Amino acid sequence: MKKILTNIAVVSCLAFTAQQADAQKVVVNREVETTNDGKMLLGTQLKEQLLKAPYADWYVKEHDEYAVDQKAISELKKGKINSYNITVFMGTWCEDSHRDVPRLMKILEEVNYPDSKITIIAVNRKKESPSGEESIYNIQKVPTVIVEKYGKEIGRIIEMPKTGYIERDLVEILKKDDKSVIKEIFNK
């Protein structure tokens with residue numbers, strides 16, 4: 001009898017664990033059809049999704065035609081941009097996103113930035129995503145590029161780069177970091 005109860009308990013625990021794991025799955029590359037905007041991406045996206053129609057129409061052209069600032073690329077490498085996490089909020093309906101997201105991706109390719117360290121979240125016209133990440137990051141405009149280290153925001157580029165070049169703005173964000181974030185984290 002004790003063995004039967006133990007087996008029931010084990011099976012119940014396994015079923016509960018499986019259910020919990022299932023509940024935590026993140027839907028990736030969600031696409032919706034809208035009345036006004038046609039196809040639109042929503043939520044967490046992989047970079048490859050932007051290479052599919054209809055997004056490739058604007059993505060590939062902007063990506064391929066953009067000439068990166070090689071001096072800024074060199075500074076990004078020196079500043080170890082690959083040690084930072086980047087979160088991008090964008091709208092596939094947004095002209096600024098059409099311009100800057102492909103440029104950002106080209107810049108990150110130039111510095112061999114790992115795809116695993118970038119999170120792309122597509123929002124609707126109300127700047128909402130299915131999982132609500134926009135409220136955590138207080139997103140008001142897109143695109144918004146957020147640079148983080150050790151889970152702490154170092155800086156962000158909102159809508160348009162201040163310098164006119166994303167890579168130069170990223171350099172300024174890395175310069176601002178100057179280990180002050182590490183001090184702040186360990187002084188808590």
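1. Of the contacts in the chain with a separation of 6 or more, 65% are between residues 24 or more positions apart, where contact means heavy atoms within 4.5 Å. This is a predicted model, in which local features need pLDDT of at least 70 and side-chain atom pairs count only at pLDDT 80 or more, while totals for chains, interfaces and linings use all residues. Residues are numbered from 1 along each chain as its sequence is written, and side-chain values use heavy atoms, with hydrogens and water left out.

2. The chain holds seven helices and six strands, which are DSSP runs numbered from the N terminus (helices are H or I with at least four residues, strands are E with at least two). Followed along the sequence, these elements give the pattern α-β-β-α-α-β-α-β-α-β-β-α-α. Of the 188 residues in the chain, 42% are buried; buried means under 20% relative accessible area, exposed means over 50%, and partly exposed lies in between, with a 1.4 Å probe and protein chains only.

3. The largest nonpolar core has 34 residues, and Leu76, Ile86 and Leu170 are the ones that touch the most other members. A nonpolar core is here a set of buried Ala, Val, Leu, Ile, Met, Phe, Trp, Tyr and Cys residues joined through side-chain atoms within 4.5 Å. Two or more residues of this core come from each of helix H2 (56-65), helix H3 (70-78), strand E3 (85-90), helix H4 (95-110), strand E4 (118-122), strand E5 (144-149), strand E6 (152-158) and helix H6 (166-177). Apart from this core lies another one, of eleven residues, among them Leu42, Trp93, Cys94 and Val142.

4. Which residues does Leu170 touch, not counting residues up to four places away in sequence? They are Leu76, Ile81, Leu104, Ile107, Val147 and Ile157.

5. Strand E3 deserves a careful look. Five of the six residues of E3 are buried, and the strand is mostly covered. E3 and E5 run antiparallel and are joined by five bridges, with Asn85 standing opposite Glu148 in E5. E3 and E4 run parallel and are likewise joined by five bridges, and in E4 the bridge partner of Thr87 is Thr119. Two strands count as paired if DSSP finds at least two bridges between them.

6. E3, H4 and E4 together make a right-handed β-α-β unit. A crossover is called right-handed if, with the strands pointing away from the viewer, the path from the first strand over the helix to the second runs clockwise.

7. In helix H2, the residues Ala56, Trp58, Tyr59 and His63 are buried, and what covers the buried residues of H2 includes E3 and H4. As background, an α-helix has 3.6 residues a turn, so residues three or four places apart point the same way.

8. A search of the whole structure finds one cavity of 30 Å³ or more, and the largest cavity has a volume of about 50 Å³. The residues that line the largest cavity are Asp100, Pro143, Thr144, Val145, Ile157, Glu159, Met160, Pro161 and Ile166. On a 1 Å grid over the protein atoms alone, a cavity is a set of points where a 1.4 Å probe fits but cannot get out, whereas a pocket is an open set with protein on both sides within 12 Å along at least five of seven lines, and lining residues have an atom within 4 Å of a point. Grid points are joined across faces, edges and corners, and a volume is the space filled by probe spheres set on the points.

9. The largest pocket has a volume of about 190 Å³. Its lining includes Gly155, Arg156, Ile158, Asp169, Glu172 and Lys176, and E6 and H6 each supply at least two residues of that lining.

10. A cis peptide bond joins Ala53 and Pro54, with omega about 0°, and Pro54 lies in the loop between strand E2 (38-45) and H2. Another cis peptide bond joins Val142 and Pro143, with omega about -5°, and Pro143 lies in the loop between helix H5 (133-136) and E5.

11. Asn138, a residue other than glycine, has a positive phi near 55°; Asn138 lies in the loop between H5 and E5 and counts as exposed because its relative accessibility is 51%. Glu159 is not a glycine either, yet has a positive phi of about 65°; Glu159 is placed in the loop between E6 and H6 and, at 28% relative accessibility, counts as partly exposed.
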